[in-house]
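Colleague: I am new to this structure and would be grateful for a guided account. Could we take the protein as a whole before its details?

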Amino acid sequence: MHSLKHSLSAILRRWKWIAGALVLIGALLAGKAWSDTMADPEIKRASIALKGLSTDATPITVALLADIHVAGPDMPPSRVERIVEQVNALQPDIVLIAGDLVSEKRTATKHYSVEEVVAPLRNLSAPLGVVVAPGNHDHWFDWPGLSRELAGSGIRILQNEAAVFGPLVVGGVDDAFTRRDDLPKTLRAMEGLEGGRLILTHSPDVFPHVPSDINLVLAGHTHCGQIRLPFIGAPAYMSRYGERFACGVTEERGQTIITSGGIGTSLLPIRFGTRPEVWLVELTGE
């Protein structure tokens, strides 16, 4: 009987140690997830020789934002205000936003009005302007309301359209994830416009279809996986091409796509193994 009691006691102690270790591991993982989610955006940099931009032109600095996903608990408008200040401190010539300003995720603790979503973006400062190409969540939330608020704030929207911003020609392709993209229409809109030519779009999936005379595409949507586990990677990138164009700088056929990991979160209000990021892209003449 004594031996049995001793064995049971030893087993109980072992299970207490295991339970304690699991609780500690869980707490550490939760702490890392929240740290990754709420970190200040990392500033990533790239330099691109842009076709169509004069060789003697002054370099143009582009700040690329994507996937802001305003919603509680992780991305209230007050946090966007702080990020806008950080972006302004970089002194970009133009700010390009690759869609998904808002999130309607069911796990959100709070949803904000279109006025609250757009208000911090009014403070973005760039001499050539601020440009938005919409994303899937923008369409699912309230794109008519968002577009009215953006336009009223002096922010230019490009939906399968093109416009000249100083020495740049920006073609804005609507969201491919919701099949609203029309690359041929965008390319027709770019015809006859003079300057360095690039494409701004939400999903990177349009990249393989961009003609060779345009050598830069700026996109978002993938969040670089948002949750990337050690040795396993991300469960999904929400791209028909998997991880091919899912994160950072990719070069193919003499063309470059920069896919931003974005700032906010989708589906679940957490990041793990990825952090918010803003790209600062210097454009020079080819």
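Modeller: The accessible surface of the protein comes to about 13,200 Å², by the Shrake-Rupley method with a 1.4 Å probe, where for residues only the protein chains shown count as cover. Of that surface, 56% belongs to carbon and sulfur atoms. This is a predicted model, in which local features need pLDDT of at least 70, side-chain atom pairs count only at pLDDT 80 or more, and totals for chains, interfaces and linings use all residues. Residues are numbered from 1 along each chain as its sequence is written, and side-chain values use heavy atoms, with hydrogens and water left out.

Colleague: What percentage of the 286 residues is buried?

Modeller: Buried means under 20% relative accessible area, exposed over 50%, and partly exposed in between (1.4 Å probe, protein chains only). By that rule, the buried share of the 286 residues is 52%.

Colleague: How many helices and strands does the protein have?

Modeller: Helices (H or I, at least four residues) and strands (E, at least two) are DSSP runs, numbered from the N terminus. The secondary structure comes to five helices and 12 strands.

Colleague: At which residue does helix 4 bend?

Modeller: The bend at a residue is the angle between axes fitted to the seven residues ending there and the seven starting there. In helix 4 this angle is about 105°, and a proline, Pro 144, follows within four residues of the bend. The residue is Asp 142.

Colleague: Is Trp 140 buried, partly exposed or exposed?

Modeller: Trp 140 belongs to helix 4, residues 136-152. Other residues of that helix are buried, including His 139 and Trp 143. Because its relative accessibility is 45%, Trp 140 is partly exposed.

Colleague: Which cysteines form a disulfide?

Modeller: A disulfide is a pair of cysteine sulfur atoms within 2.5 Å. A search of the whole structure finds one, with sulfur atoms 2.0 Å apart. The pair is Cys 224 and Cys 247.

Colleague: Is Cys 224 buried or exposed?

Modeller: Cys 247, at 32% relative accessibility, counts as partly exposed. Cys 224 has a relative accessible area of 3%, and is therefore buried.

Colleague: How far apart in space are Ile 227 and Arg 275?

Modeller: Ile 227 lies in the loop between strand 9 (216-219) and strand 10 (248-252). Contact means heavy atoms within 4.5 Å, and the residues that Ile 227 touches include Leu 268, Ile 270 and Phe 272. Ile 227 and Arg 275 are 48 residues apart in sequence, while their C-alpha to C-alpha distance is 9.5 Å.

Methods:
Lists of a residue's contacts leave out its neighbours within four places in sequence.
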